[in-house]
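Subject: Structure handover, ligand site

Hello,

Here is the structure we talked about handing over. My notes on the ligand site follow it.

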Amino acid sequence: MNQPASIERNAVTKAIAYEDLCLYIDGEFVKDGGRREQPVFNPATGEVIAQLPHASKTDLDRALAAASRAFKTWRQSSPLDRSRILRRVAELSRERQQDIGRNITLDMGKPIAEAIGEVVVCADHCDWHAEECRRIYGRVILPRMPNVRQMVLREPVGVCVAFTPWNFPYNQAIRKIAAAVGAGCTIVIKGPEDAPSAVVAIARMFHDAGLPPGVLNVVWGVPHEVSEYLIKAPDVRKVSFTGSVPIGKQLAALAGSHMKRITMELGGHSPVIVFDDADVDRAARLLSNFKFRNAGQVCVSPTRFYVQSRVYDAFVAKFLDYTKTIKVGPGIDPESSMGPLAHDRRLPAMEQFVEDARKRGATVETGGERIGTVGNFFAPTVLTNLPDDAMVMTSEPFGPIAPMTRFETIDEVLARANSLPYGLSSYVFTTSTKNALAAQNGIEAGMVNVNHFGQALPETPFGGIKDSGIGSEGGSETFDGYLVTKFVTQMD
Ligand code: NAD
């Protein structure tokens, strides 16, 4: 395939202003001062668009000290004040959506409409946390004696540290920050160095909304150095991470060895089950759209397609038709429906998945290779006739690859869907209530979507089971990870 024509137009990105990258510590935006820096690349062009300052050890200590100090007062703040600040951040997100979205496209690569959409959706997340933080309740337990009063209090856990990834750089960060701030905790967050503009923009909004100094702090650096330092810090009581399963296990082990609470939102390998009785055209259209959103770099992306034999050929043909309409190009071009991969290390990863599938006899129906030599573009790829032990069927592809295979019976497909250690999301297409119920009951996953994609809303819990994680974000569960339970009993 040739270089997308619209890439030449990307020369304009050079002239567009980008976020002024910095750290945010104790209410101050800081940079320079001889700090180590790393370049930030535009994945559509390979150009360096900015330099990101790393936190020194002194910066990390300052951030931790500020978060510890601020916790003493923030924990006692009125939920109405927390709510007011979160609401203001929601408003600012809507006001600043264009600039923030454009900067996400510049450093992460996703199409501009998707980037702006991410910001707008997150305004809703802020509103939800603003509402729910006013409803953090305890309870009274009836005593065994009349002169005793027993109460259960829910208190903020303390200083939190969070590590967030590059695929939804705004969404992943704001969910953790809104939950911590709403619960009365303080937080030090290390965002994704590959796509840092969104987290800096979030810090600016909380600052402008009047969040007291030290409640939110933003640092950057070499991921394992920063995370190790912060997790071990004595004042830190909670660790929240979104990213890959192997890194999540490392961080969970470190947190466990220091007895810190964790929320882990880790990778998935979501099965899609399309039954014979499904509306095949609708399923193929929705799934093709969803599969290649954000170039497949989505933890809940559909990644293993199990299609019942009778409709397999028709489904593959329709899916291919829709896939071939995808316009790959720089995200800044409004005509692009799929941008580049977020960084160049994902290209060899995609090539390895395709190479392995080919060796095992798979057919590459479309795509299967990099597009051009400028930017990290990889063609939307559909693979058929591959065995269940192909690498792409067992390891999270996290890219624009859709592997398809047949199944015969519901028991067989549920066993195959549940055969991996992942358990994040899953998708079922059927018009049979019997199949729908069997799939809902039988699939081992934190989320089951039947005939549509309905997850990741502010009011619904998002999270995985098995190796895909611990805890939920969103929904009425959203504060659970940021609160501790205190039992109080009193006798007169
Ligand atoms: P990676 O595992 O090196 O990094 C993933 C994310 O974790 C990055 O944001 C990175 O900065 C961060 N990270 C890595 N090591 C860390 C550490 N020791 N401490 C704190 N943060 C750390 O992989 P990658 O090449 O950047 O991305 C590819 C893989 O990451 C994919 O295979 C996918 O499984 C996973 N991923 C998952 C999600 C998700 O939403 N679950 C998001 C992004 C990436």
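Which atom of the ligand is 2.8 Å from an N or O atom in the side chain of serine 227? It is a nitrogen atom of the ligand. Please keep in mind that this is a predicted model, and that the distances are computed from it.

Two other contacts belong with that one. An oxygen atom of the ligand has a polar side-chain atom of tryptophan 166 at 2.9 Å. On its own the ligand has 790 Å² of accessible area, and the protein covers 87% of that.

As for the site as a whole, the ligand sits in the largest pocket. Around the ligand there are 24 residues, and the closest are Trp166, Ser227, Ser244, Arg345 and Glu396. Sorted by class, this shell has 10 polar, 9 nonpolar and 5 charged residues.

Where does the shell come from? Domain 1 (10-266) and domain 2 (270-459) each provide at least three of its residues. Among the secondary structure elements, α7 (223-232), β10 (236-242) and α8 (245-257) each supply at least two. The largest share comes from α7, with 3 residues.

Regards

Key:
Residues numbered from 1 in each chain as written. Predicted model: local features only at pLDDT ≥ 70, side-chain atom pairs only at ≥ 80, totals over all residues. Heavy atoms only, no water. Near = heavy atom within 4 Å. Polar contact = N/O pair within 3.5 Å; in protein donor to acceptor, adjacent residues only side chain to side chain. Areas by Shrake-Rupley, 256 points an atom, 1.4 Å probe, with all protein chains shown as cover. 1 Å grid on protein atoms, 1.4 Å probe; cavity = no way out; pocket = protein on both sides within 12 Å on 5 of 7 lines; lining within 4 Å. Sits in = over half its atoms within 2 Å of the grid points. Helix = DSSP H or I, 4+ residues; strand = E, 2+ residues; numbered from the N terminus. Nonpolar A, V, L, I, M, F, W, Y, C, P; charged D, E, K, R; others polar. Domains from an automatic or database assignment.
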